[in-house]
Amino acid sequence: YCSFTETSLLKSARIYYNAKNYPKAIERYTELEKVTQSVSNKQEAKRNIANAQFNSELYYEAIVSAQKIIDDASMSPKDKNDASAIIARSAYQLNDMAKAQSEFSKLVKLKSSELGAEANYYLALIQYNNAKYNEAEKLVFDLINEFASFEYWVAKSFILLSDVYVASGDYYQAKYTLQSVIDNYTGEDLVKEASNKLNDIITLEKQNERQLDGAGEQIIDGNN
């Protein structure tokens, strides 16, 4: 082993990682982590292995790698928070909601950070998925108040809030909420999602009206 090997491993690992060739990146970074004496190289290897595993949907492996970052005293608080986010997102993908909730609850304390906003959104989403609509609504308003500067997560939360209103039968509020995303948010992806949901609600309302009309006609016919 010589420093040449280490340098070439580091370079090739970065090239594969930046090209999103995650299997090769994981392979090279794992090798680098074994041979390097450099603290910064070890840290980079640990960080990028966990990210590459998550991006490859290797969620169990990503949780194990992220936990190693949290347990490593040499890693920075930022790295540990990022690792905690990888555990939370992976647990969510694996449908381990208890673990996801526990990790997101730690991250939501990071006020004025995007990780905090993301965590807040997922905590609201978990409550919505559990049909706990009041709790979901409260968490969305927490996000809007605490993380107002993170427009993407605010817009996503408004869309989630519209789902809460639909589930509660309040179509008027749901439409109003979606319209505010369409009018005020600039990101095409979420505006499209909001528009699609708005159209779905309008269709749903029309179906409900037709059913009511039909039921009304049947009553009139039955009385004749």
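Reader: How many residues does H7 have, and how far does H7 reach from its first C-alpha to its last?

Author: H7 has 16 residues and spans 22 Å between its first and last C-alpha, close to the 22 Å expected at 1.5 Å a residue, where the expected span is 1.5 Å times one less than the number of residues. Helices here are DSSP runs of H or I with at least four residues, numbered from the N terminus. This is a predicted model in which local features need pLDDT of at least 70 and side-chain atom pairs count only at pLDDT 80 or more, while totals for chains, interfaces and linings use all residues. Residues are numbered from 1 along each chain as its sequence is written, and side-chain values use heavy atoms, with hydrogens and water left out.

Reader: Is H7 mostly covered or exposed?

Author: H7 is mostly covered, with 13 of its 16 residues buried, buried being under 20% relative accessible area, exposed over 50% and partly exposed in between, for a 1.4 Å probe and protein chains only.

Reader: And at what angle do H7 and H9 pack?

Author: H7 (residues 114–129) and H9 (residues 151–167) pack at about 10°, with their axes 10 Å apart; the axes are lines fitted to C-alpha atoms over the stretch in contact, and angles run from 0 to 180 degrees between N-to-C directions. The two helices are therefore roughly parallel to each other, a label for angles under 35 degrees.

Reader: Which residues of H7 meet H9?

Author: On the H7 side they are Glu114, Ala117, Glu118, Tyr121, Tyr122, Ala124, Leu125 and Tyr128, and among their partners in H9 are Trp153, Leu160 and Val164, with contact meaning heavy atoms within 4.5 Å. The residues of this contact divide into 10 nonpolar, one polar and four charged.

Reader: Switching to rings, how many aromatic pairs are there?

Author: The structure holds 10 aromatic pairs, counted when ring centres of Phe, Tyr or Trp (its six-membered ring) lie within 6.5 Å.

Reader: How accessible is Tyr128?

Author: Tyr128 is partly exposed, with a relative accessible area of 21%, and Tyr133 is also partly exposed, at 27%.

Reader: What about Asp79, buried or exposed?

Author: Asp79, which lies in H5 (residues 77–93), counts as buried at 8% relative accessibility. Leaving aside neighbours within four places in sequence, Asp79 is in contact with Arg47 and Ile69.

Notes. Parallel < 35°, antiparallel > 145°, perpendicular 65-115°, else oblique. Nonpolar A, V, L, I, M, F, W, Y, C, P; charged D, E, K, R; others polar. Phe/Tyr/Trp six-rings, centres within 6.5 Å; stacked < 30°, edge-to-face > 60°.
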